[in-house]
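Thanks for letting me look through this one.

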Amino acid sequence: MDRDQEVADLRLAAGDAFGGVPRLAMIEGPAGIGKSRLLTEARRIADGHGAVTLTARGSQLEKEFGFGVVRQLFEALLTDPAARERLLAGAAASAASVFDIGLAAGEHTERGDHTFAALHGLYWLTANVAATRPLTIVVDDLQWCDTGSLRFLAYLVRRLDGLPVLLVATLRTGEQYDDDALISELQLDPATTPVRPGPLSAGGVADLVRERLGDGAEPRFVAACHRTTSGNPLLLRQLLRALETNGVRPTDAHVGTVTAIGSRAVSSMVLIRLRRMPAASTAVARAIAVLGDGAGLPTIAALAGVDEPAAAAAVAALARAEVVRHEYPVGFVHPLVRDAVYQDLPPGERQLHHERAARVLSGLSAAPEQVAAHLLQMPERADPWVVGVLGAAADTALHRGAPDGAAAYLRRALAEPPVPQQRPAVLLQLGQVETLNDGPAAIAHLRAAYDDPITDPATFAAVSRMLIHTLIFTGPEGNAPEFARRASARLDASFTDERQGMQALERIAGYMYSGAPDAFPAQTPAISGDGLGARMLAVCHAWQAFVNGERRAEAVRLARFALADGILLRGDPGLFWVIAGVVLEEADEDAGTLWDDALKLGHTRGSLFTVLATHLWRGWREWQRGDLPEACTSLVAANEQSLRWGGVPAIGISYGEAYLVRALVDRGEVGEARAFVEEHGSRPRVGDGIRLFNQASATLLMAEGQHERALALLGTGHSGNPMWFEERGLRASALAALGRTDEAVSLALSDISDVRRWGTPRGVGRALRVLGELRQDRADLAAAVETLAGTQARLEHARALFALGDLDRDAPMLRDALRLAEECGAAPLRSRVAAALAGLGEPVPAQPSASLTTGERRIASLAVGGADDRDIAQALFLTPHMVSDTLAAIRRKLGVTTLAELRAHV
């Protein structure tokens, strides 16, 4: 009753969801308002659609249990080996670690953040479950979900397009929760339908009163029931049961009795019932409250201190008294009832109950995370056993892709505290976990480990390298190079390769904080061996040669040595292999499958840092090559992921933001670029980040016609390789726009002299084009066109073709420039070329001709190769609906309808 609108909302959400329109029905309200009953109604509606329904409930006790709610949802489906093999096939295989599948007892894969891989795998597990029947995922008490499961739900709801999946969750409002940000993300998602049951109306209360106490209930008595419970269904039911038990007649003469009994509400009623029952029932109720829902009878009996028959009898008595549910698994009839029993335990006694629960569960060989849930609640005793269990639980949580839970266990282990011999290992493990999503906290704990008297040289080397890498991206400016020098001096003499790695970190950090080509120390350490440290040092030498614009062949050799055999890619999160790849790209060399391999590795490992680094520098490469729409997509993804990663964005994100602004300007989206700069321009930056963002801001100012302001931002620039230090070329353009042509030509001549020393066709062609435009020199422009024709720099080639074609009034050349500008998505250049063609009397279509971006070409190539939408989605880390939409857009763009026609275009 009083729930017709809410049920209608659930029906509409189910209809949309099973039709492929994303829907999360969020049933929100205070405790006792009737959310669980609406959840039951949602299940009934789903059954009517023939859906398979998976259910789970969040638990305060298991808040740190990695993917605990996800495991409740899917584990039953994975018990059968044949079903498990089918459901975890393909991209879903990376979800296996969430369910501890594929590992022998005690076995662990390499330590790292598996969250990203787990989320991707769980998405595909969901898609596989929904492949044959509609699916409903029901989560009760969302506010107590573990962080990993909340992340999965947030990840899933954004990718539900086309999947017949309905999400339904209940959320208790009016309180603050640890994961409020994730919960808000779910509440505010466009796919979310809020279902907010309100209090029962006076008529609804009257119906319930008369149903329970008789049709003769008098008006003032009914009004007192409504006033006392404020229409809360749970409180009303509890009140009516108490009135019925006490033989209170529903007459106006008993209004005072309603008020007296009602004021005790749920807590007092439950405790009164317990005190009327035998001591064993109270002990069992408290054991269930401490253990949480779902505990087995042997565990309940052991904690309550009774034998199993007595425990079973007590559970039955509690069920008759409506304290616990009648059905299995054992649990309270409502969270408020559990709260009443649990809160009745004094705090000290409650801690001791949790300690006993941990010992009982450990004796029954429970999983480390089940034991650890209670260790988090017990007093610190400097017990090595506690530290060991928490460390094992952290390993399990991390392997499942739940670093937040792992960090909670390790922080508690540190507070135990561990014995001195254990402390460095615990600090290292905690710092390693925190590098995944909390840089400042990681620095604090890694620094504490570093400052401890570490006796094992290998542990010291691992702590040092991890700390230095974290300091580069999240520490105070300039801290990392000095720290690397000190750590290197403390290294054991036999750790040659580790020392080379620290030297590399010191040198590259010094450059990143300075952003100047002379930032590298004069002394160049020799490279010894072919270990990870040797390859890191080789990258530093290659980068130094590049930024100075010299020894291109040597820089290429060093970069290729660094990337050989995948050692650097596997051992570095996303710094040195990125630099090696950039050196090769800036040397006009083929980096092979580096960026694709890195993205695949990042997804496989679940390393968000690796994924964001790949998106950033692949976006940079796409911008350099003139694939502007694809570049913007990659760079937007990289910037969002940089913020999610959690580091102070003074260094890493500055690159992605700078390149995005310039790509937007090249696309003609000047207003979007200006809005982006206004929003993010005040972000603190250092070194290279300052310079690159100033370059981007100056480019935007010139597109807006503010050339004087652009000059002021650019400064005089560095004398390094113009391929990387573009200030002189940008200054030349601004000066020319202001009529200061002689100064502009002088700068352009300096650029072309330096870039010829480096010697790449792309760089030389660009410099020749700038100089030719400034001097209106046909020979320079012709040389630029010829030089750029053999490169992958399509946008730069289009600019050179336009400059020469406009000078010569050459319509065929201008048409080539038009075609390239359209392929690049460079609207401003296309407009200029179109105007030049119109001046020659050549007609130009108002809309650009159809062309595919790199991403579209990749999808189309797989499609014509025979892959279906699911295969393509799994290969490219997309969703089937995104693939389907993209293929439909490609067909519309190219005007094709059949696969054969698409194959001809591709």
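1. Which residues in α25 meet which residues in α35? Tyr 511, Met 512, Tyr 513 and Ser 514 are the ones in α25, and they meet Gly 687, Asp 688 and Arg 691 in α35; contact here means heavy atoms within 4.5 Å. By class, this contact has 3 nonpolar, 2 polar and 2 charged residues, where Ala, Val, Leu, Ile, Met, Phe, Trp, Tyr, Cys and Pro count as nonpolar, Asp, Glu, Lys and Arg as charged, and the others, Gly among them, as polar.

2. A word on the ground rules. This is a predicted model, in which local features need pLDDT of at least 70 and side-chain atom pairs count only at pLDDT 80 or more, while totals for chains, interfaces and linings use all residues. Residues are numbered from 1 along each chain as its sequence is written, and side-chain values use heavy atoms, with hydrogens and water left out.

3. Back to that helix pair. Helix α25 spans residues 496-514 and helix α35 residues 687-703, and their axes come within 3 Å and cross at roughly 40°. Axes are lines fitted to C-alpha atoms, for helices over the stretch in contact, with angles from 0 to 180 degrees between N-to-C directions. The two helices are therefore oblique to each other (under 35 degrees is roughly parallel, over 145 roughly antiparallel, 65 to 115 roughly perpendicular, and the rest oblique).

4. Now the overall picture. The protein chain has 47 helices and 5 strands; these are DSSP runs numbered from the N terminus, helices being H or I with at least four residues and strands E with at least two. Its C-alpha atoms fill a box of roughly 105 × 70 × 55 Å along the principal axes. Of the 906 residues, 57% are buried (under 20% relative accessible area; exposed is over 50%, partly exposed in between, with a 1.4 Å probe and protein chains only). Among contacts with a separation of 6 or more, 69% are between residues 24 or more positions apart.

5. The aromatics deserve a look. There are 16 aromatic pairs in the structure, a pair being rings of Phe, Tyr or Trp (its six-membered ring) with centres within 6.5 Å; planes under 30 degrees apart are stacked, over 60 edge-to-face, and the rest tilted. Trp 543 and Phe 546 have ring centres 5.1 Å apart and planes at 50°, so this pair is tilted. Both lie in helix α26 (residues 532-548), 3 residues apart, or about one turn of the helix. Trp 543 is buried at 5% relative accessibility, and Phe 546 is buried at 0%. Both belong to one aromatic cluster, which also includes Tyr 511 and Trp 617.

6. How covered is α37? Helix α37 (residues 727-737) is mostly covered, with 8 of its 11 residues buried, including Glu 727, Arg 728 and Arg 731. The cover includes α33 (652-667), α35, α36, α38 (741-758) and α39 (761-775). After α37 comes Gly 739, with a positive phi near 85°.

7. In helix α36 (residues 707-714) sits Leu 713, partly exposed at 30% relative accessible area. Leaving aside residues up to four places away in sequence, Leu 713 touches Asn 694, Ser 697, Ala 698 and Leu 701.

8. Lastly, the cysteines. A search of the whole structure finds 0 disulfides, a disulfide being a pair of cysteine sulfur atoms within 2.5 Å. For Cys 632, the nearest cysteine sulfur, that of Cys 824, is 12 Å away. Cys 632 is buried at 7% relative accessible area, and Cys 145 is buried at 0%.
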